[in-house]
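Morning, everyone. Please look at the structure first.

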Amino acid sequence: MKLGKVEFCHFLQLIALVLCFSGMSQAELSRSSSKPYFQSGRPRTKRSWVWNQFFVLEEYMGSDPLYVGKLHSDVDKGDGSIKYILSGEGASSIFIIDENTGDIHATKRLDREEQAYYTLRAQALDRLTDKPVEPESEFVIKIQDINDNEPKFLDGPYTAGIPEMSPVGTSVVQVTATDADDPTYGNSARVVYSILQGQPYFSVEPKTGVIKTALPNMDREAKDQYLLVIQAKDMVGQNGGLSGTTSVTVTLTDVNDNPPRFPRRSYQYNVPESLPVASVVARIKAADADIGANAEMEYKIVDGDGLGIFKISVDKDTQEGIITIQKDLDFEAKTSYTLRIEAANKDADPRFLSLGPFSDTTTVKIIVEDVDEPPVFSSPLYPMEVSEATQVGNIIGTVAAHDPDSSNSPVRYSIDRNTDLERYFNIDANSGVITTAKSLDRETNAVHNITVLAMESQNPSQVGRGYVTIAILDINDNAPEFAMDYETTVCENAQPGQVIQKISAVDRDEPSDGHQFYFSLTTDATNNHNFSLKDNKDNTASILTRRNGFRRQEQSVYYLPIFIMDSGSPSLSSTNTLTIRVCDCDADGIAQTCNAEAYVLPAGLSTGALIAILACVLTLLDKRGHERPRRHAS
């Protein structure tokens, strides 16, 4: 007959009861007089108290109280004169004592894992006087373990990872189960491990719980994850032991054990010859069953006739090889290219080189398609020069363009008027000759940048663009003039020969050898008695006084005409008038006021006379102010 867990516990409890009853007579021993000393199975006596250490089997499920043992004093003659009292841990609530006989019973189910022992105290009293007939003594009731706790994996479930292709015996992870039963008593807490699911790929060490690989060459690309079930069983794995299980998820991590391979031995792509430089021609990819860094690729062109025309790079996100154009394609020059491309793993693992070369090659053929291209100019830029004195209709230069297609269609020229809004230039539609259409002025616009359009006669939508720079050459067509509007002053106390102004000139022309200006007074001003001019020979001139005694009330402003001439061929000149104001200055020659009216006094009166008149007026006003109160008082 097979017993279940509950039935087996009841069976053990019945055995314990039989053992306890059979030992009752042995618990009644001779006298002792001090605290008892307990030694399992070997009683010692001192004075009157006598007993063994008490044991109680845990998890008793019976309906009647469980007999624990008997307390006895040899003072007790059996006549009912002695009363036994129990105190301490669990007294009355768990353990009760028959006060007449000293028999102790447990009234509740006990669990060693909650409390392993109880410390109690016993007393024997005279029933009539309630006085102790024995000293109070302390004893222990120990809870005896049964196998009532299964092993538990407190850290489960587990996850672990090992590289694919690991050798047999590679350690994966260690699992640990704990058993709450008493490890010092029997085999209740002695655990062994076994594997219930995960064979034949993995095994487990029975004593340590270390999981190891059991098969070689486990391939991630075939299966990358395994679910193991590990059992821990107490009672050293014997029948009737309790068990617990946990799961272990083992993931195979990738290694570089798969070489890259192109799905096809050759590819062909068609591209128009008008495709711009740096455009993508094609994307190709070598397949690799590995993942992550083990699948990273490097591509290169190892052979072919397009080495300088195309290049290949890797897309780091997709690991594709990207073929791009490095130079312009020309159908009329070459209609196709052949490339030999190699793909290789970026980092090969030496352990797996025996599996084959970790690279592969394929052939890529690129067909160039003809497109109707716009006319092409013979030069990307046409620099031209023309004098600003040139006549309208004169030729400046010529541009030339042709149709690069095999049809070689005739070309017609025009000027993009957005680049020549004032219409200074014209172009011959057939010959490309550029001429002036209006008079030019370098000082207004020194350089003209125009765009010339070349259109196919048979297909006007095909338009090429050429760029022309026309520099306007300078002629001496601008006279020199004052560099600025001068505000010139002369002090009334100025001395003869004193410099009152330094002047310079500007000229809008730009002669190649620089400006050279000449300064002089005009013929009419040469013999004036007030001012003279000195040419400093450095494109400046100084204005000097010829006399002293300038007075504002006599003349407050002088106008001095100055003749300026440049060194051009032919030379140009101009007359500029310098305005000179007479001012009152301080001792340092700083002008204080240049107002001529400040010297004009009313009615020819002097300043002293005006002051006297003002004093008289103030005196009269003061007298009138004193007289008014007297009249009012009378």
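There are two disulfides in this structure, a disulfide being a pair of cysteine sulfur atoms within 2.5 Å.

Before the details, some ground rules. This is a predicted model: local features need pLDDT of at least 70, side-chain atom pairs count only at pLDDT 80 or more, and totals for chains, interfaces and linings use all residues. Residues are numbered from 1 along each chain as its sequence is written, and side-chain values use heavy atoms, with hydrogens and water left out.

Now the pair C491 and C585. Their sulfur atoms sit 2.0 Å apart. The link is left-handed, with -90° about the S-S bond. It joins distant parts of the chain: C491 is in strand β34 (residues 488-491), C585 is in strand β40 (residues 573-585), and they are 94 residues apart. Helices (H or I, at least four residues) and strands (E, at least two) are DSSP runs, numbered from the N terminus. Both C491 and C585 are buried. Buried means under 20% relative accessible area, exposed over 50%, partly exposed in between (1.4 Å probe, protein chains only).

Next, C583 and C594. Here the sulfur atoms are 1.6 Å apart. Which hand does the link of C583 and C594 have? Right-handed, with 100° about the S-S bond. C583 lies in strand β40 and C594 in the loop between β41 (591-593) and α3 (607-633), so this pair ties together parts eleven residues apart in sequence. C583 has 0% relative accessibility, so it counts as buried. C594 is partly exposed, because its relative accessibility is 22%.

Last, the pattern. Number the bonded cysteines of the chain in sequence order, and the pairing reads 1-3, 2-4.
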